[in-house]
Amino acid sequence: MKRREFISSVCAGISTGVVLPKEVFSHRTPGDRELRLLEAARKSGAEYAVVRKVVKDFESLQAQNDSITSHVSYHDAGYHLIVSTGKGIGCYGLTESSDLDEDTAAGIALSMARANEAFPFRTIPLTSDLAAGSHKAIQNGEDPIETGWDNKKSLLLKINELARGHEKVEFVVSNLFLQRETVRIINSNGLDFIDTRWMVYPNFAVSAIDRKKTKRIMSRRSDTSPVRADFGFVQALDLSKMVNRAVRDLENLLDSDAPDTDRYDLVLAGEHLWRVVDETLGYHLSPQALYLLSEFSPQSIFQISSFKAGPSALSKEVTLRSEPGLDHSLAHGSIDDLGRNIKPHVFIENGEITAFPKPGAHAFPETPVFPFRADGWRNAPIPTLSNLVLQPGPEENTIERMVSGINKGILIHGSTGMRHHHDRSSVEVWGEIGYLIEHGKITKPLRGFSYIQRVTDFWASCISVGNAETSHAGGSLHKTVGDDAQTLPVTVQCPAALFINVPVRNLERQS
Amino acid sequence: MKTDIGRTRELLKKALRFAQGDDILLTYQKMNETIVRFARGEVSTSFRTSSAVLNISVRAGRRYGGYSTTDFSDAGLKRAMRLALDNTQSLPDSDAIIPFPGNVEITETHLFHQSDESISQKWRLEAVDKILRVGRNAGTDASGLVKTSDGITAVLSSNGFDVAQPASAVYIRVRMMSRDGRKSGWNESWDYGVEAISPSDVAMKAVDRCFLGGEPQRYDPGRHDVILEPAAVASLLFPLMQQFNAEAIENKQSFLRKMDGSSFVGERLFKDFITVYSDPHNDSLPALPFSLDGLPVKRETWIKKGVINKVAVPRIFGLKQGKSPVATPTNIFMDGWTFDIQEIIAKTNKAILVSSFDGVRLSDPTNCLLTGMTRDGAWLVEDGKVVSAVKNFYFSETPVYVLEQVEALSFSERTSPRNSLFPMRVPGMKVPGFSFIAVTDIV
């Protein structure tokens with residue numbers, strides 16, 4: 001058999017007997033090292049093999065006031081080969097410039113798989129839901145990495161210029177993170193998945209010194225989050241509107257007070273709440289916490305509390321699902337890094353936990369609830385969450401409507417600071433800026449406060465979730481999962497929501 | 001490994017040939033590592049990685065730029081060099097032109113003992129198996145990792161700086177948790193090869209710590225006398241030594257800066273039996289003999305009999321200020337006394353014994369105030385004996401106070417700050433009035 005034919009037959013899925021049409025492989029060349037790795041794995045006798053090639057180009061820029069102060073860029077690429085003998089799994093990541101031949105690389109992975117057979121693994125179900133066929137997703141628009149330097153520079157300086165046009169703004173720092181990641185996943189089941197993912201993340205902070213009262217620096221950060229999009233997405237942003245909003249809040253902060261320590265009804269805007277969702281529900285639903293896969297992390301509240309049985313302790317307003325195929329989302333599509341199909345999954349429906357997987361050594365169900373993902377080519381994929389979506393409420397649930405029904409409350413905007421109790425069963429959250437609500441109306445700006453509550457009580461106190469219009473797609477580039485601190489960012493799509501009777505502390509009086 | 005070093009040098013010389021700009025500095029780091037992780041008494045992940053990255057720094061006129069790449073093909077290197085040069089144009093002019101380092105004679109240290117490839121997966125898995133068995137037999141769940149690695153660090157400049165150093169390491173970390181989740185013990189060990197590593201011993205020590213003193217009791221926070229085991233001392237000493245830096249002093253980021261802007265260098269701050277030094281060529285604890293900004297790392301005494309003797313001077317900062325550069329240490333030694341830590345315990349009326357700190361963070365650089373918590377081993381010592389395990393404490397304390405007040409030292413042991421691999425040989429300590437600010441139920 002000639003080399004090309006052999007590669008085709010390997011990738012067409014010998015193990016399933018499914019032969020894919022030739023045009024599926026039209027973009028392949030024998031020079032593709034990932035194909036040679038798969039071929040070598042197949043020849044070595046692996047029952048299943050998956051090769052992931054990741055090519056990442058990254059660039060970050062920072063501007064302070066009227067000049068560029070930092071510019072960092074890098075290129076990082078390599079291959080990750082996973083082979084299964086049916087009883088053991090071996091993983092080997094090698095840099096694109098490794099001078100190892102493919103047979104040796106496959107031999108290393110296979111020898112690890114064979115050695116691993118003798119030891120109890122948390123079995124990864126590599127025999128179910130294997131993906132096949134050709135999938136190619138290439139983003140349209142302007143590649144952020146290839147965008148001209150002048151465009152990137154002028155974008156940052158434009159933000160700073162807009163902000164510094166306001167009298168009270170004393171400092172402004174803007175950042176632009178850009179990434180192009182091309183991932184190709186091929187498996188011995190005939191999968192050829194290519195996804196080019198562009199990521200853009202512009203953000204800024206405006207600051208001023210509160211000379212009248214605290215003598216401290218007050219800041220308001222932009223409400224932007226990283227998204228999968230082209231550079232045109234950034235250029236289409238209404239910078240003026242974003243800057244004006246941040247500056248307005250900053251000016252209000254300079255003329256604000258801390259609220260009395262008391263209980264308040266809280267209307268939390270989507271750009272604030274997404275991180276609370278991520279940290280208080282996402283963390284506890286992550287397999288690292290559910291199965292204690294992490295060396296030092298506390299156990300999930302869903303394992304140690306009454307969530308396992310009995311009536312729901314969460315508000316019936318709460319429906320939370322994982323959604324791999326979300327538009328512009330950070331966690332990628334429907335194929336995971338093991339070459340398996342991933343489906344959406346509802347974790348909490350109307351306040352009740354659904355399909356809660358059993359704990360234990362071989363806990364992962366045949367139908368993957370958790371995708372296995374890896375940070376780049378170096379790391380082995382680990383079970384993680386996909387994007388999270390808090391289901392929006394009915395159309396009439398606008399922020400204004402929620403505010404109008406409150407006698408004593410706070411509307412909280414802006415980014416979030418957070419401190420967990422040691423076992424993450426309770427949480428303290430700082431809002432960047434709040435607005436006091438009295439008798440259905442916003443009366444004055446607030447600062448220097450936090451709300452603190454048990455996670456279960458907090459989510460039981462949610463009586464209303466905002467409509468889709470109030471939704472914000474948040475996401476962090478630096479979210480880390482597991483002991484090896486892999487960065488596996490997800491998007492958390494989150495509407496505004498109303499929580500009643502939440503304890504709020506005045507931090508300025510306390511300090 | 002010699003072949004690898006030869007290839008590394010060829011690669012760097014080829015990259016230098018493609019370089020554009022007035023001045024070039026290339027830093028290359030290659031690493032092979034194999035990790036087996038385990039959690040809840042089972043193996044959870046096992047993988048091997050071979051990685052290499054080339055960092056390029058370029059000076060063009062008064063501007064500096066950089067780029068990193070893993071693509072070492074001719075086209076990839078040429079592209080990386082072009083992008084590094086492009087990046088010089090994005091930043092403003094530097095206020096001074098500092099040339100990259102020139103030819104310096106540096107002696108290789110004995111950091112490389114065996115390649116990662118020469119250690120079989122069977123050895124790693126048997127090591128894990130021994131640890132898991134110790135855990136199972138004791139009724140505990142083990143979590144942690146076994147990691148073996150080798151690598152090369154090399155630096156080449158257009159001015160003639162040319163060094164390459166191979167290294168290898170074996171690292172084992174074990175945390176034992178009692179089945180009821182109320183007690184835990186921790187231990188770690190590392191070396192340059194597998195010969196002297198005993199996974200069972202590492203695991204047994206973690207089990208001992210897990211069960212020592214029985215059920216952890218609540219003990220009120222406050223200022224208490226403490227006996228710190230060497231790993232706990234390492235976690236306090238590491239951030240302290242990072243502040244022995246002239247640039248940090250200049251930027252108000254070091255406790256060594258006085259209110260008037262001068263420094264404490266030359267003044268006695270600590271007990272006269274405190275001497276801290278570094279020496280990459282010390283055979284008992286070899287370390288990298290050069291810094292990545294192109295300075296030879298020599299034997300330096302940072303604290304001499306309680307007196308602040310020397311601080312590191314980063315190369316660019318030093319040349320701008322007209323000071324001779326001094327590399328930051330790549331290992332740390334603190335001489336101890338001849339006591340075993342058990343002898344210190346036996347001579348103590350009342351104290352908290354701490355095996356390690358976790359989550360140590362710098363809270364205030366101006367006095368090196370650290371916060372963190374005790375983890376996996378804190379006990380009450382009374383009348384010369386451990387009488388009870390105690391619940392973990394949060395602490396807020398500065399190592400400056402610790403070295404001012406320390407009363408006794410044990411002999412020095414090889415260790416490193418928790419969850420990292422920075423070579424240190426430091427003693428345990430008895431310190432009066434250490435500040436614990438809160439008790440926590442976290443295990």
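This text goes through a predicted model, beginning with the confidence of chain A and then turning to the fold of chain B.

For chain A the mean pLDDT is 84, and 86% of the residues reach 70 or more. Two stretches of chain A stay under 50: residues 1-30 and residues 359-363. The model still has contacts beyond four places in sequence for both, 44 for residues 1-30 and eleven for residues 359-363.

Chain B contains nine helices and 19 strands. Its C-alpha trace spans about 70 × 60 × 35 Å along the principal axes. The radius of gyration of chain B is 24 Å, which agrees with the value near 22 Å that a compact globule of 443 residues would have. As for the contacts in chain B between residues at least 6 apart in sequence, 73% join residues at least 24 apart.

Two residues of chain B deserve a look at the backbone. Arg40(B) sits in the loop between β1 (23-39) and β2 (42-60). Its phi is near 50°, a positive value in a residue other than glycine. Arg40(B) has 18 C-beta neighbours inside 10 Å and therefore counts as partly exposed, since a buried residue needs 20 or more.

The other residue is Lys305(B), found in the loop between β9 (300-304) and β10 (307-308). Phi of Lys305(B) is also positive, near 50°, and this residue too is not a glycine. Because Lys305(B) has 13 C-beta neighbours inside 10 Å, it counts as partly exposed; an exposed residue would have 12 or fewer.

Note on methods. Residues are numbered from 1 along each chain as its sequence is written. Chains are lettered from A and ligands numbered from 1 in the order in which they are written. This is a predicted model: local features need pLDDT of at least 70, side-chain atom pairs count only at pLDDT 80 or more; totals for chains, interfaces and linings use all residues. pLDDT is the predictor's confidence in each residue, from 0 to 100. Two residues are in contact if their C-beta atoms, placed from the backbone, lie within 7 Å. Helices (H or I, at least four residues) and strands (E, at least two) are DSSP runs, numbered from the N terminus. The radius of gyration is taken over C-alpha atoms; the globule rule is 2.2 Å times the number of residues to the power 0.38.
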